[in-house]
2 protein chains.
Amino acid sequence: MAVIRLLLADDQALVRGALAALLDLENDLEVVAQVGRGDEVVAAAREAGADVCLLDIEMPGADGLEAAAAVARELPGVRTLVVTTFGRPGYLRRAMEAGASGFVVKDTPSAELADAVRRVHAGLRVVDPTLAAESLSGGTSPLTAREADVLREALTGATVARIAAAVHLSPGTVRNHLSSAIGKTGTATRAEAARTAREQGWI
Amino acid sequence: MAVIRLLLADDQALVRGALAALLDLENDLEVVAQVGRGDEVVAAAREAGADVCLLDIEMPGADGLEAAAAVARELPGVRTLVVTTFGRPGYLRRAMEAGASGFVVKDTPSAELADAVRRVHAGLRVVDPTLAAESLSGGTSPLTAREADVLREALTGATVARIAAAVHLSPGTVRNHLSSAIGKTGTATRAEAARTAREQGWI
DNA sequence: ACCTGCCCCTGACATCCGTCACGGGTGCGC
DNA sequence: GCGCACCCGTGACGGATGTCAGGGGCAGGT
């Protein structure tokens with residue numbers, strides 16, 4: 001039986017190397033490529049002939065969800081497994097929509113990772129069970145595209161004027177979108193709204 | 001020569017297990033304990049007879065800096081190496097003040113971790129060189145204790161009224177502290193001030 | 001053709017926020 | 001003792017913010 005060829009993508013070199021050490025202990029797994037940026041995944045996977053890509057979400061260049069979509073689009077035979085720190089319901093949904101075959105949070109015991117890789121390689125879907133329930137209940141974002149845009153800018157604590165400049169809108173419109181987003185998130189200030197939206201994976 | 005006995009503390013089980021796999025590859029290193037909470041470090045290190053503790057900063061119970069201080073206080077012969085995601089200057093300073101022997105960010109190549117452990121065990125100090133410069137230049141926090149308190153509450157985007165309630169102060173006083181903190185951080189809003197203070201490791 | 005939802009903008013309002021000036025209290029080092 | 005820094009509070013000011021009521025435009029579904 002042929003070994004499963006893996007690509008690891010994580011911006012933290014130490015974690016990347018440690019995961020490689022962990023997975024290389026398995027006889028049927030082989031790490032054939034490692035990258036630290038999301039926009040290098042497709043090229044590296046193609047060159048190394050990877051079967052499965054392990055993708056972290058938080059990465060420079062392109063995040064793991066974009067990378068998963070790119071792999072699904074350009075390398076149809078290659079499966080992707082998203083491995084992330086944050087078990088946000090919206091992340092799971094977005095990962096599945098991006099064509100990922102699996103979703104694992106970094107809280108899971110390390111012994112299960114190799115099995116998750118094997119299942120994904122076999123064509124099965126791997127989803128963190130506790131997260132799946134949350135995702136089904138309240139996963140989809142109630143925010144409109146513009147509301148998500150202004151909330152993204154609001155994450156840094158920017159003023160209305162700067163958000164308006166960044167999104168090329170009138171300050172009044174920005175305030176309307178923010179007010180709407182605050183209502184939808186059940187919060188009282190834009191900072192809280194941005195915070196909860198991020199925790200839900202909506203932005 | 002005796003092997004170096006290691007304790008790993010990281011709240012993410014997957015990362016913890018992967019680091020264990022990485023370090024167990026070295027003949028002179030042995031992982032003898034793993035914990036996922038900061039407040040279990042001392043007991044586990046004592047029971048397992050660890051020589052060196054690898055501590056992540058972000059952990060429930062007690063963070064890695066508190067854990068390092070506890071180890072230094074209660075297990076004088078045991079050295080600690082702080083391994084963290086965020087290379088914030090204030091973190092390095094606080095780690096050293098807590099009695100840690102080393103400070104490594106998760107961006108460093110995985111091949112260097114084992115060497116860092118050996119150096120720490122040998123009594124040397126290990127510090128990420130790029131971070132050391134930053135820390136010397138602008139590491140110490142300009143914030144007073146109260147300013148740090150209100151900024152911590154402001155991180156979530158709370159209103160002045162809620163911050164005041166949480167810190168048991170008058171709303172006016174809270175606004176004064178916030179205004180002062182905004183001035184010291186060179187920002188324009190409390191959200192930005194809280195953000196930069198966190199990035200500097202001041203809170 | 002009509003309704004609905006989202007987008008963009010304007011204007012007005014009450015409230016909140018950031019700033020400043022001020023006074024009084026404490027503890028520390030010179 | 002004196003200055004100094006920090007703490008806590010008050011009061012007032014201008015500007016920012018969140019909310020509401022409108023108006024118009026543009027797509028998709030009935």
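The following is a short exchange about a predicted model with two protein chains and DNA strand C.

Reader: Which residues come nearest to DNA strand C?
Author: Of the 18 residues around DNA strand C, the nearest are Thr144(A), Arg146(A), Ser170(A), Arg175(B) and Ser179(B); a residue is near a strand if one of its heavy atoms lies within 4 Å of it. Sugar and phosphate make up 66% of the atoms of DNA strand C that come within 4 Å of the protein.

Reader: Which residue has a side-chain N or O atom 3.0 Å from a base nitrogen?
Author: That residue is Asn176(B). A side-chain N or O atom of Ser179(B) is 2.9 Å from a phosphate oxygen of DNA strand C.

Reader: Which element gives the most to the surface near DNA strand C?
Author: α9(A) does, with 5 residues; helices are DSSP runs (H or I) of at least four residues, numbered from the N terminus.

Reader: Which residue of chain A comes closest to the rotation axis?
Author: Ala18(A), at 2.4 Å (C-alpha).

Reader: What conventions apply?
Author: Residues are numbered from 1 along each chain as its sequence is written, and chains are lettered from A and ligands numbered from 1 in the order in which they are written. Local features need pLDDT of at least 70, side-chain atom pairs count only at pLDDT 80 or more, totals for chains, interfaces and linings use all residues, and side-chain values use heavy atoms, with hydrogens and water left out.

Key:
Polar contact = N/O pair within 3.5 Å; in protein donor to acceptor, adjacent residues only side chain to side chain. Helix = DSSP H or I, 4+ residues; strand = E, 2+ residues; numbered from the N terminus. Least-squares fit on C-alpha atoms with pLDDT ≥ 70 in both.
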